[in-house]
Amino acid sequence: MGIRRAVPFFLDKAMIKKIPAKKIGMTSAFDGTGTTLPVTLLQPLPVVVTQIKRQETDGYSAVQVAYRETLEKRINKPTKGVLAKAGTDKVFSKFYEVRCSPEELEGIEVGMEVNPVDFMARWDQINVTGMSKGKGFAGAMKRHGFAGQQRTHGDPDNRRPQSNGATDAARVFKGSRRPGHMGHDQVTIKGLTIFEYDKDLNVIAVSGSVPGPNGGMLFVKRISERPADEIAAVEGEE
Amino acid sequence: MKQIIAQYNKKMAKPEGEVPKIVPGDTVRVHINLYEGGTDHIAGLKKIHRIAAKGKQSKQNVERIQVFEGTVLAVHGQGPMQKVTVRKIASGVGVEKTYFVNSAKINKIEVTRHGVVRRAKLYYLRDRVGKATRLKEKMVR
């Protein structure tokens, strides 16, 4: 029994500015004049408010929401309890929290469903955060962009990091750029533009690339909205 | 997820019948929309925001139509993102252009002649000059 509210009412709230999304994959799209753009398709996911944290009770104010629908057998009992408390009949496996000011908590209730279908078409520029693909143990050329050595004239190995500093200190300074594990880090790509939102497929086409493998989970943060005349033009088309 | 990408790409395609079936060896006339002085004025929006003009790019905004006529050397890919490479000799110099057939930049494509060819990629025509570049016409019953 999720409670649905008209979305524009709390469109500017912090919790609505950050939503989870699934990376579908990359393709290309034609814009209005036939120029091709590289786009990444992301599927924004619906979320349910599971807990509201207040200054008085928790020491800070935040909204906890659940996302990523799954089967009932896949979640444990404590998770079931949280979902039952929120009064939602859907089963979610993951949670996150969005910090916000105490005033912003007004109007948000536990059990409230937020469906990106309602407002996604209005978003313009976004930041996308996700885990990058793991590269394993990578050399200095791949990991730090070192130039390497010459390929010809008998160089035995031309991908070495070579010297790591003076002999006086007689140790390796912390933070030196050396070979090591690369990738599987949290990466944020800032200022990506949403090319369009496809309501039927529920996918946003973001121009450019985003971190992580296809099917991976991402967080999309809104940084700007489309101008009113543009929204009207898009809505008029449908 | 591949189905979602395929469904998304499907929207990019022009209406059925607008793009003829093109095979290597065909002689085609490609009508190209030209916008003098760039394309920024068309939608009155930033390049990336031409979503407003998406799909209904008005033909009256086209300032000139240029025709590029030549032989199809290769067809790359299939579906909405299919491309064709067209070669012609302009002032004694070989010119090759590759187009997205479903792009709004292409006004229309006419197939004027079918050539008899035995390969999918006719790159051997690049090494030929004059009469040797001709292809025998395929008679359609």
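Modeller: A salt bridge here is a side-chain nitrogen of Lys or Arg within 4 Å of a carboxyl oxygen of Asp or Glu. This is a predicted model. By that rule, the count over all chains is twelve salt bridges.

Start with Glu225(A). Its side chain meets that of Arg222(A) in a salt bridge, 2.8 Å from N to O. Glu225(A) also forms a salt bridge with Arg122(A), where the closest N and O atoms are 3.5 Å apart. That value is within 4 Å, so the pair qualifies. The second contact spans the sequence: Glu225(A) belongs to strand 12 (residues 217–225) of chain A, while Arg122(A) sits in the loop between strand 6 (113–114) and strand 7 of chain A. The pair therefore ties together parts that are 103 residues apart in sequence. Taken together, Arg122(A), Arg222(A) and Glu225(A) are linked in a network of salt bridges.

Now the accessibility of these three. Arg222(A) is buried, with a relative accessible area of 11%. Glu225(A) is partly exposed at 28%. Arg122(A) is partly exposed too, with 30%. Buried means under 20%, so Arg222(A) falls on the buried side of the cut-off.

Next, the strands on from that loop. Strand 7 (residues 123–131) of chain A is joined to strand 10 (residues 186–198) of chain A by six bridges, and the two run antiparallel. Met131(A) stands opposite Gln186(A) in strand 10 of chain A. Strand 10 of chain A also pairs with strand 11 (residues 203–207) of chain A, in the antiparallel sense, over four bridges. Here Glu196(A) stands opposite Ala205(A) in strand 11 of chain A. The hairpin of strands 10 and 11 of chain A has four residues between the strands. In this hairpin, Asn202(A) takes a positive phi near 55°.

Back to strand 12 of chain A, residues 217–225.

The side chains of Glu69(B) and Arg29(B) meet in a salt bridge, 3.2 Å from N to O. Glu69(B) is in strand 2 (residues 64–76) of chain B and Arg29(B) in strand 1 (residues 27–34) of chain B, so this pair links distant parts of the chain, 40 residues apart. Glu69(B) counts as partly exposed at 35% relative accessibility. Arg29(B) is partly exposed at 27%.

Last, the rings. A pair of aromatic rings is described by the distance of the centres and the angle of the planes. Over all chains, the count comes to six aromatic pairs. One of them is Phe30(A) with Phe100(B), with centres 5.5 Å apart and 80° between the planes. Planes over 60 degrees apart count as edge-to-face, so this pair is edge-to-face. The pair crosses between chains, from strand 1 (residues 18–30) of chain A to strand 4 (residues 93–100) of chain B. Phe30(A) is buried, at 6% relative accessible area. Phe100(B), at 22%, counts as partly exposed.

Notes:
Residues are numbered from 1 along each chain as its sequence is written. Chains are lettered from A and ligands numbered from 1 in the order in which they are written. This is a predicted model: local features need pLDDT of at least 70, side-chain atom pairs count only at pLDDT 80 or more; totals for chains, interfaces and linings use all residues. Side-chain values use heavy atoms; hydrogens and water are left out. Rings of Phe, Tyr and Trp (its six-membered ring) pair if their centres lie within 6.5 Å; planes under 30 degrees apart count as stacked, over 60 as edge-to-face and the rest as tilted. Buried means under 20% relative accessible area, exposed over 50%, partly exposed in between (1.4 Å probe, protein chains only). Two strands pair if DSSP finds at least two bridges between them.
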